[in-house]
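The report that follows reads one model element by element, and gives the criterion behind each term where that term is used.

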Amino acid sequence: MKIAGHHLVERDPYRPRCEWGEDVTVQWGDCGSVFSPHGSYVTAFFEAFPKGFFIRGEGKTVSDAELDAFIKYERMLACGNNHQWRRGSYLNGGAHCRVCGQFGTPFKPINPLGHMLKPLTWWEKRALSDHDLWVEKRFIQRETPDEQKLFRQLRLRLFLFGWVNKEGEPQPAAKEAALVGKG
Ligand SMILES: [Zn+2]
C-alpha cells in the first residue's frame with residue numbers, strides 16, 4: 001500500500017488498517033461532500049487506486065469508510081481478471097462488472113455512426129465565421145492540430161451540405177468528403 005503524500009504529516013494521525021495490496025495507493029478525508037438527487041451530505045471517505053481502477057468508500061468515520069472501500073476491493077479481487085463487464089449506457093468505454101460491481105474502462109469508446117453526417121448547427125457556422133476560417137489556407141497556418149482537425153471537419157460538412165464558395169475555392173474531392181463520416 002502506498003499512502004498519498006499529503007497524508008504523511010504529523011497532524012494527520014490516521015493510518016489504514018486493512019490489508020491493501022502493495023501497489024494500491026490510498027487517500028482519505030473526514031469531510032467529503034457528496035451531491036445526490038436526494039440531497040447533498042458530508043461524509044468521511046476513503047479512496048483506493050488499484051492499478052487501472054478507482055474505489056471509494058464512505059462512512060461516519062474514516063475508519064468506517066476504509067472498511068466500506070475494503071469490502072469493495074476484496075469483491076473486486078475475487079473476480080480477478082474475470083470481470084463480467086456490462087457497458088450499460090456508457091459510450092466512453094466505461095462499464096460495471098455485473099459480479100463485483102466495480103467500474104472500469106475495459107472497452108474502446110463508441111462513436112455513434114454518422115455523427116458527423118449532419119448539417120452544421122448555427123453555432124458551428126458561427127465558429128467558422130468568427131475565426132474567419134471559411135478559407136482553408138487561413139486556418140492551416142494558425143491553429144493547433146486539434147483545432148485544424150475540428151475546423152476541417154466543419155468545413156467538409158459545410159461543403160457536403162451544399163455551401164457554395166463565393167471565393168472560387170474548389171470543392172473538396174468526393175473521397176475527402178466521404179471521410180467526414182469516419183470522424
Ligand atoms: Zn468483477
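Helices (H or I, at least four residues) and strands (E, at least two) are DSSP runs, numbered from the N terminus, and the expected span of a helix is 1.5 Å times one less than its number of residues. The model is predicted, so that local features need pLDDT of at least 70 and side-chain atom pairs count only at pLDDT 80 or more, while totals for chains, interfaces and linings use all residues. Residues are numbered from 1 along each chain as its sequence is written.

Helix α4 covers residues 145-160, and because its 16 residues at 1.5 Å a residue should span 22 Å, the 22 Å between its end C-alpha atoms agrees with that expectation. Phe151, Leu154, Arg155, Arg157 and Leu160 of α4 are buried, where buried means that 20 or more other C-beta atoms, placed from the backbone, lie within 10 Å of the residue's own. After α4 comes Gly162, with a positive phi near 95 degrees.

Strands are taken to pair if DSSP finds at least two bridges between them. The pairings below are listed with their bridge counts and one facing pair of residues each.

| Strands | Sense | Bridges | Facing residues |
|---|---|---|---|
| β3 and β4 (residues 55-59) | antiparallel | 5 bridges | Phe46 and Gly57 |
| β5 and β6 (residues 95-97) | antiparallel | 2 bridges | Trp85 and Cys97 |

The hairpin of β2 and β3 has 6 residues between its strands, and Gly39 in the turn has a positive phi of about 115 degrees; in the hairpin of β3 and β4, with 5 residues between the strands, Gly52 takes a positive phi near 85 degrees. An open antiparallel sheet is formed by 3 strands in the order β5-β6-β7. In that sheet β5 (85-86) and β7 (103-104) are at the edges with a single partner strand each, so one side of each has no neighbour in the sheet.

A nonpolar core is a set of buried Ala, Val, Leu, Ile, Met, Phe, Trp, Tyr and Cys residues joined through C-beta atoms within 7 Å. The largest such core has 13 residues, and those with the most contacts inside it are Phe46, Ala48, Ala65, Ala69 and Tyr73. Two or more residues of this core come from each of β2, β3 and α1 (62-79), and α1 gives the largest share, 5 residues. Apart from its neighbours within four places in sequence, Ala48 is in contact with Trp20, Val24, Val26, Ile55, Ala69 and Tyr73, contact meaning that the C-beta atoms, placed from the backbone, lie within 7 Å.

How values were computed: Buried ≥ 20, exposed ≤ 12 C-beta atoms within 10 Å, placed from the backbone. Contact = placed C-beta atoms within 7 Å.
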